[in-house]
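Biologist: I have a model open and want to learn how to read it. Can we go feature by feature?

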Amino acid sequence: MVMRGRRSASLSSASALLLLPHFELGNLSSLYKKWPVFYSQISYFSTAHTKKSKYVFSKVDDALNKFDQMVDMRPLPSVVEFNQLLSSIVRMKHYPAAAIFLIRQMELLEIQLNIYTWNIFINCFCHLNREGFGLSLLGKMLKLGLQPTIVTFATLINGLCAAGKLAQALRLFDDMVREGCQPNLIIYNTIVNGLCKVEDTTRAIRLLRTMGERGYAPNIITYSTIIDNLCKDKHVTEALELFSEMRGKGIPPNVVTYTSLIHARCNSGQWEEVTRLLNEMEVNNCKPNVITWNILVDAHCRDGQILAAQDIVERMIKQGVEPSIVTFNSLMDAYCLQGNMNKAREVFNSVTNKGCAPSVISYNILNNGYCKAKRIDEAVELFHEMARNGVIPNIVSYTTLIGGMSRVGRLVAAQQLFKEMRANGLVPDRVTYISLLDGLCKHGHIHEALGTFHVMQNSGLEPDIVHYNILTHGLCQVGQLKVARKLFSALTAKGLHPNVYTYTIMIRGLCKEGLTDQAYELFRKMEVDGCAPNSTSYNLIIQGFLQNSDIQRTKQVLHEMVKKGFSADISTATMVMDLLCSDSTGELFSALFRNCEDYGRVDM
């Protein structure tokens, strides 16, 4: 009975801990879904290889009450009984903190923990992304004279890899080998997956070879993990070699293996190879899953083959695979890219009829389509529809609508949405500021743009060259060349390098003010600074010379432009033609095109 009071007093402090796993376990679960290596290993780590529990609970409170009953029993149940209870809590997935709390209580009651209890203990901390505590427990185990098992090391290595701490996982791997504890297949696969995650495929392949030398034959998970990473890195030839090696060893490919290769072939547009792989899957009785179908749908959508993508959706349904929200998002995105917003909306509306709920990504895709089509009222309505349907707008949602409003000149609404975004705890990113700054500058609201620029700087987000280009262009447009030049001069001190757009903006601004000598000086400075002029740069400086009737320099730069493979744009061509039409003697024509063998390439 003493224990019950102790638990009640302690649970208030534990309640905060109990809330922690809901968020962090969600992240870990997403890693499990992302990494094929874990498909068959989750149960291995979640139960830590204890004997199958006789306890099954639907609520954590029932498990805690059972613990109270057990500690009131005399004699106390064995540690095996307690381990089974702890395992049942861990299997509930959302409550590793509760298991940690109960193990702490067992220590206070001087119930002797065995190696299985310690493994559960370590596993719980790893689930909470507190692998550092797990390593501390390993040290405590060693001090108590307990010998870690293969499960102990497997749990810690898995936790470290899942947290992206591969260097620590590799050190622990080396330590266990040095201590005479041979890794098993699960540990090898975990390390292989960790290496692939940091794109160290060469080392992963080397470990695959080492496995065979140490008597552990790589399995389908090992090969599929490496093949998938090779495909993502566009090393398809190497992936196919490994695929052939795997089959040569009698290991049949699974849906993950085929899907990786199909994805690679889709990305390179090798549709015949895609068809061959799908046929091979059918022959081997390996059915495509929803991920395989989604890859096919998305690839055809990106290729502009929407009808073919719809046919694939019908095929997947006939084969008993229900489309997911990812399937519908691909179709919507394809229609939006084609500007067919009515069809995109039809697909969006059909989502709920198919048993799916539109995600924030679904709303963002459709909203982006509306904004690009300048159908801002519909975009605003859809934005509000999100909130009504319980979908919380994210930074992309706000940025998309701010950009759409800014482009059509609804700047007050865009600025209000920007404020609302910040009030809701969302931090604007670089793209958000680009969208707002661009709209303000293009519509001549330079003071508001400068204010927004300073807000960005004060938020700790340093503007990059794109932000400076937008602001410099805006200043030049409203005749504030002096301020624009100050910004331009300050770039180097801020560690930013002007690009071709920066120079072109300044050349345009200088020419606009009639400062062609300074514009030409900057034009020549571009190349000295390692930034080659583009077609726009050449056309702008030529137009500046033509405005000042500087025929000699016009001729020089015009010929240089032609030699570099650039052509006169419509403005330059018109100015040249106007000049030639006013030349009754033909002297200007002769001056411009004398000794220019390829003047015909000046497209006019």
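Biologist: Start with the chain. What percentage of the contacts with a separation of 6 or more comes from residues 24 or more positions apart?

Modeller: A contact means heavy atoms within 4.5 Å. In the protein chain, residues 24 or more positions apart account for 63% of the contacts with a separation of 6 or more. One caution: this is a predicted model, where local features need pLDDT of at least 70, side-chain atom pairs count only at pLDDT 80 or more, and totals for chains, interfaces and linings use all residues. Residues are numbered from 1 along each chain as its sequence is written, and side-chain values use heavy atoms, with hydrogens and water left out.

Biologist: How many helices and strands does the protein chain have?

Modeller: Both are DSSP runs numbered from the N terminus: helices are H or I with at least four residues, strands are E with at least two. Here the count is 33 helices and 0 strands.

Biologist: What share of the residues is buried?

Modeller: Buried means under 20% relative accessible area, exposed over 50%, partly exposed in between, with a 1.4 Å probe and protein chains only. Of the 604 residues in the protein chain, 49% are buried.

Biologist: How do I read helix packing? At what angle do H6 and H8 pack?

Modeller: Axes are lines fitted to C-alpha atoms, for helices over the stretch in contact, and angles run from 0 to 180 degrees between N-to-C directions. Helix H6 (residues 115-127) and helix H8 (residues 150-162) pack at about 5°, with axes 9 Å apart. H6 is therefore roughly parallel to H8. The label covers angles under 35 degrees; over 145 is roughly antiparallel, 65 to 115 roughly perpendicular, and the rest oblique.

Biologist: Which residues make that contact?

Modeller: H6 brings Ile-115, Asn-119, Ile-122, Asn-123 and Cys-126. H8 brings Val-151, Thr-152, Thr-155, Leu-156 and Gly-159. By class, these are 5 nonpolar, 5 polar and no charged. Nonpolar covers Ala, Val, Leu, Ile, Met, Phe, Trp, Tyr, Cys and Pro; charged covers Asp, Glu, Lys and Arg; the others, Gly among them, are polar.

Biologist: Now pockets. How much space lies in the second largest pocket?

Modeller: Rolling a probe the size of a water molecule over the atoms shows where empty space is left. On a 1 Å grid over the protein atoms alone, a pocket is an open set of points where a 1.4 Å probe fits, with protein on both sides within 12 Å along at least five of seven lines; lining residues have an atom within 4 Å of a point. Volume is the space filled by probe spheres set on the points, which are joined across faces, edges and corners. The second largest pocket holds about 330 Å³. It is lined by 17 residues, and Leu-278, Pro-288, Trp-293, Arg-315 and Gln-319 are the closest to its centre.

Biologist: Which helix gives the most to that lining?

Modeller: H15 does, with 6 residues. Helix H15 (271-283), helix H16 (290-302) and helix H17 (306-318) each supply at least two. The lining has 9 nonpolar, 5 polar and 3 charged residues.
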